[in-house]
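This report describes one protein model, moving from its overall make-up to selected local features. Please read it alongside the sequence and the structure shown here.

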Amino acid sequence: MKKPGLTFYRGAAIMVIVIFVGLQMISPNIENPPVTSEIAVPAEVKQILERACYDCHSNEAKVEWFDKIAPASFLVAHDIDEARSRFNFSEWDKNPTAVQELLLWEMVNAIEQEKMPLKRYTLAHSGGKVTASELAVLKQYVNTLPGRHKVDTARIVARTSVNQKASTQKTPVSLNNIPYSSDYKNWKIISVTDKFDGGSMRIVYGNDIMVKAIEKRQLPFPDGARIVKVVWGKQAEDKDGNVRPGNFQNAQFMIKDSKKYSATEGWGFAKFDGLDLKPAGKTVLFEQTCANCHRLLAPENDFVFNIPTK
């Protein structure tokens, strides 16, 4: 076989140069919009966030010179857009207080699980890594958030009049038109969790389609799969070290329909709070908040938490 000649290599080199120069001409500009409501946290926490998170999750991204060179610039721009859409420390007040706490806890969980900061980010920005001592600082801070102290809630269960009220009301419907249904009580339990943050206990139910998919290790999950996570608070630890469920907090629904819910990774999200099963959220955009946490922490499981491993 005849080897390529000098002309061939020269032509290939010229083509690579042309493509490289062309990419620089269309390379995206990474801009920092105004900071409208920056997160307020203790100085030691802020310092960690600024160094490890702000480059993507804020309007104060410090883009290095090598981040601006295409094709890397396209990936950097994508990561920043994606990160800001999930939560933005420079527009923090856009999230209700309860969601702010949830996002901070999920952020800590993602760091502990080594899902954040992204490995490709820390490879190029070694200063963005979060050390074990820094993670401890973040944990200590989120443990001071009000949601962490939702314990000893048994007294709320004793309010039977509220239970009676819940039993007589109309079927609640979420803002994205997912009705509450108690059918899940006849489904199989696929997982039980005890969540440290928020001080809650959870049981996760799956319908037949979901259970069969788990048994077959079928990912992504098929349309028609449904999951309901039922969440209770915790009672205070007794003298023997037992911690029992407290009040009912909410029921969280996930319904797989890849076409109908394509904007939220194929899942329809709904959450019904309290004994009156009040649909969560003020606008239909609440489902994006749900989807963002699932995108952050469970992308490898078709965005589902707590799947049995065996």
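A residue is called buried when its relative accessible area is under 20%, and exposed when that area is over 50%. With this cut-off, strand β3 (residues 226-234) is mostly covered, since 7 of its 9 residues are buried. The model is a predicted one.

## Overall composition

The protein contains 11 helices and 6 strands. Of its 310 residues, 41% are buried. The accessible surface amounts to about 18200 Å², and carbon and sulfur atoms account for 57% of that area.

Contacts between residues at least 6 apart in sequence were also examined. Among these, 63% join residues at least 24 apart.

Strand β2 (residues 200-206) is largely enclosed by the rest of the structure, because 6 of its 7 residues are buried. It pairs with β3 in the antiparallel sense, and 7 bridges connect the two strands. Within this pairing, Ser200 stands opposite Gly233 in β3, and Arg202 stands opposite Val231 in β3.

β3 is also joined to strand β4 (residues 245-256), through 8 bridges and again in an antiparallel arrangement. Here Val230 stands opposite Ala251 in β4. β3 is thus bridged to β2 and to β4, and 7 of the 9 residues of β3 are buried.

Leu49 lies in helix α2 (residues 43-52). Its relative accessibility is 0%, and Leu49 therefore counts as buried.

Which residues does Leu49 touch, not counting residues up to four places away in sequence? The partners are Ile39, Val41, Tyr54, Phe89, Met107 and Leu138.

## Cysteines and disulfides

A disulfide is a covalent bond between the sulfur atoms of two cysteines. The criterion applied here is a pair of cysteine sulfur atoms within 2.5 Å. By this rule the count is 0 disulfides. Cys53 takes part in no disulfide, and the nearest cysteine sulfur, that of Cys56, is 9.1 Å away.

## A nonpolar surface patch

A nonpolar patch on the surface is formed by Ile17, Phe20, Val21, Met25, Ile26, Trp65, Ile69 and Phe74. Together these residues have about 860 Å² of accessible area. Helix α1 (residues 6-25) supplies the largest share of the patch, with 4 residues.

Trp65 is located in the loop between α3 (54-57) and α4 (72-86).

Methods: Residues are numbered from 1 along each chain as its sequence is written. This is a predicted model: local features need pLDDT of at least 70, side-chain atom pairs count only at pLDDT 80 or more; totals for chains, interfaces and linings use all residues. Side-chain values use heavy atoms; hydrogens and water are left out. Patches are made of residues with over 30% relative accessible area and no salt bridge: like charges are joined within 9 Å, nonpolar side chains (Val, Leu, Ile, Met, Phe, Trp, Tyr) within 5 Å. Accessible areas come from the Shrake-Rupley method with a 1.4 Å probe; for residues, only the protein chains shown count as cover. A salt bridge is a side-chain nitrogen of Lys or Arg within 4 Å of a carboxyl oxygen of Asp or Glu. Buried means under 20% relative accessible area, exposed over 50%, partly exposed in between (1.4 Å probe, protein chains only). Two strands pair if DSSP finds at least two bridges between them. Contact means heavy atoms within 4.5 Å.
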